[in-house]
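Subject: Structure handover

Hello,

Here is the structure I said I would pass on. Please open it and keep it beside you while you read the notes below.

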Amino acid sequence: MKYGLELQQNIFAPWRLSYIAYDVLKQELKTRQLDHGWTAQDEADFVHLLDNELAKVYDFVNAKLSEIDARILYCERTIQTLQKNQNMASDANYSLMDEALTEILFDVNDLSRFTRVNFTAIQKILKKHDKWTHLNLKQEYVQKLRDKPLDKQRFDVAIIYISALHDICRNRGKQATGNSAAGGDQNAFERATAKYWIHPDNITEVKAIIMLHLPVLIFNKDKKYEPSDAAISSVYFDNSNFDLYTGRLQRDEGAEAIRFRWYGPVENKSIFIERKTHHAAWLEGASVKDRFRLDEKDVNSFVEGRYTADMIANDLRQKNIDKSTIDNVHFIASGVQTSFREKQLQPMLRAFYNRTAFQLPGDQRLRISLDTDLTFVREDHLDGRLRRQPPNNWRRNDLGIDYPFNYVDPSDILRFPYAVLETKLQTHLGQEPPDWLSSLVESHLVHEVPRFSKYLHGACHFYRERLPLLPWWLAELNVDIRKPRAEHIGLTRSRSFKPLIDGRYRRAMIEEKERVNQQAVVDGAPAPQRQRTNSTQDTAGAWRPTRNDYAVSVGANKTDETSAPPLPQKSNSYYANKGLPAPQQYGNDTRATKWLHRMWGDNREVGKAVDDDNASDLYKRQRVKVRVEPKVFFANERTFISWLQFCALLLTVALSLLNFGDQISRVVGGVFIALAAGVAIYALYRFEKRAWMINRRIDGRYDDLWGPAVLCTLLVVALIVNFYLRFK
């Protein structure tokens, strides 16, 4: 599809005149070029026209942002009035404010799409200009795009504000008792985890959908919100043989991943030493992630072994830290230093991203994190370049958190094209995934990538020639993960431009939930729970910062990349350093839900088979979507090669008859050649068809019902013809 048509399909009708005039620019470029060739005056006129279009779009975005700011401020003041005046604090008034916030959220999502579409249109027209005129306007225009950025990430702050106000309305203005800073007993539960990629076009919509059901998690309510608070930076360590990389990729017993992590700006003095171990021997084969905190000034000494585990423990005793924490820190520090010493570990690469976490404060049942702006930067000296100064420092000092790091050498940086969504569901009590989450992960908005690892991906990009194995998901980067928009899924608008959530009005959704609640109360029984399907995903745990900064050990079956930054309190025009209430429960989202077959482990009733006649109809009808393993493609290739081997055998017989036989033998040889050619063409057709079905995860028959039968029939016919001609 030509981009002009794609642009027309993505235009939001009420804002049509505010979009970049892509067709006008294209026509101006084409007409002048064909009329008399491209001149300096043509270039000046085109740049002037493009400048006007960029200014038009940029001014519209700023005007809409100011309008959204004013509407959010109005909602905040109204909600404050409802909280202070109990006579006005009715469910109807809170519902009205909730609907107003939903309207604002849809406008934010529409504005995000607007900026994304226009930014892409500008890039396309610049590319077309350079192709037709053989100039380099795209590079020259970079500074103008920086001066008037069309950056979708500016909407994150507005989403956080809306989330907090929406949370108050959902809780009817009541203060929740959950403590967002309390991590709880991290060893007391297991979590099922799944990871997904999200295309930049869908990031804001996914955030908005999650926000309608879960608030943005706030750890520090005493600090004003700053965009830098969402930043997470990690330096991963390995040796020149990449033993840690290979162990993690192969999931060897006892495989380690060691990283040093900090939150927010580089000036942060708290560095967390983290170690993840797959099937740790000291936990009877359970996987674990543990960590402790060091001051930045002590990190180099710790890496070099001058600041030992005993010295760390002594410093903690002087601070009157409890003995169990000291013992835990000593164990972790000793193990990490042993790995540094025995495996000769050194800094390899840095991973940076901005994280938004969604979770009910004090409620561990469901947590979702969304990492954007994921970037990998080399930290090693393997190629002889001294990237760290001084060379023995544990990290580079020339990097901040100012994404996209345009000052870094292009050969030292990899900007990941997608956002990474991670869902974590508590499973030890049979927690079911909510309906809305089932709908989200099965929608066109996300693309599942099981076992995705940030370190493995960054390492295989920079050090591919040194690595014997590569992750399976690299092939996924070669395809467009965007899918056709499913009807009645996500945030859409009606013909009258009213907000629709999964094809329904929000008021209708709320009324339906209330009816279900009332019916459950009348019946005296909860809604029935659905069973879950098999999955290859591990049950996993997730860590998040707690008030104990010294050591955290996360228990059995934990997975990668689940850390979250301490999200601070909002600021600016909406909040004035005050805590925001958070809900105590999910409401109705924990009732009967759809299966997340690609995420959750097997929780069937004991003794009930899949094909049991008494099994639930829902269970038998459910389509289980699984990740396509590379071995599936190889099996298809092996089948194709087997058919070709048979064709080669037929061809050998046919050529022998043609070259060394009489007239009858040559006729039969011709028949066999035709048969071999037909079988080869048929085998190629079946191979291509199966590959097409596998790539698109199409359900259907992959076996061949007619091919073998027809082949046997043709062979018998060929033999009959041979005997007939020979003995007639």
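Leaving out residues up to four places away in sequence, Ser339 touches Glu256, Ile258, Gln344 and Leu345. Ser339 is part of helix α12, residues 323-343. Its relative accessibility is 7%, so Ser339 counts as buried. Please keep in mind that the model is predicted.

Next, helix α1. Tyr3, Gly4 and Leu7 are buried in this helix, which covers residues 3-10. They lie on the same side of α1 because they cover an arc of only 105 degrees around the axis. Leu5 and Gln9, on the other side of α1, are exposed. What do the buried residues of α1 pack against? They pack against α2 (22-36) and α4 (91-133).

Then the aromatic rings. A pair of rings is described by the distance of the centres and the angle of the planes. The whole structure holds 30 aromatic pairs. For Phe60 and Phe114, the ring centres are 4.9 Å apart and the planes are at 50 degrees, so this pair is tilted. The pair links distant parts of the chain, with Phe60 in helix α3 (residues 40-84) and Phe114 in helix α4, 54 residues apart. Both Phe60 and Phe114 are buried. Elsewhere, ring pairs join Trp197, Phe416, Tyr418, Phe452, Trp472 and Trp473 into a cluster.

Two arginines also sit over rings. The charged end of Arg291 is over the ring of Phe272, 3.6 Å from its centre. The charged end of Arg395 is over the ring of Trp262, 4.5 Å from its centre.

Last, the salt bridges. Side chains of opposite charge can pair when their charged atoms come close. The count is 37 salt bridges. One of them joins the side chains of Lys64 and Glu67 (3.5 Å, N to O). Both residues lie in helix α3, 3 residues apart, or about one turn of the helix. Lys64 counts as buried because its relative accessibility is 18%, while Glu67, at 35%, counts as partly exposed.

In another salt bridge, between Glu422 and Lys424, the closest N and O atoms are 3.8 Å apart. Glu422 is buried at 2% relative accessibility, and Lys424 is buried with a relative accessible area of 0%.

Arg378 and Asp380 also form a salt bridge through their side chains (2.7 Å, N to O), and both are buried. They belong to a network of salt bridges that also links Asp383, Arg385, Arg387, Arg396, Asp398, Asp409 and Asp412.

Regards

Conventions. Residues are numbered from 1 along each chain as its sequence is written. This is a predicted model: local features need pLDDT of at least 70, side-chain atom pairs count only at pLDDT 80 or more; totals for chains, interfaces and linings use all residues. Side-chain values use heavy atoms; hydrogens and water are left out. Buried means under 20% relative accessible area, exposed over 50%, partly exposed in between (1.4 Å probe, protein chains only). Helices (H or I, at least four residues) and strands (E, at least two) are DSSP runs, numbered from the N terminus. The arc is that of the directions from the helix axis to the C-beta atoms. Contact means heavy atoms within 4.5 Å. Rings of Phe, Tyr and Trp (its six-membered ring) pair if their centres lie within 6.5 Å; planes under 30 degrees apart count as stacked, over 60 as edge-to-face and the rest as tilted. A charge sits over a ring if NZ of Lys or CZ of Arg is within 6 Å of the ring centre and within 35 degrees of the ring normal. A salt bridge is a side-chain nitrogen of Lys or Arg within 4 Å of a carboxyl oxygen of Asp or Glu.
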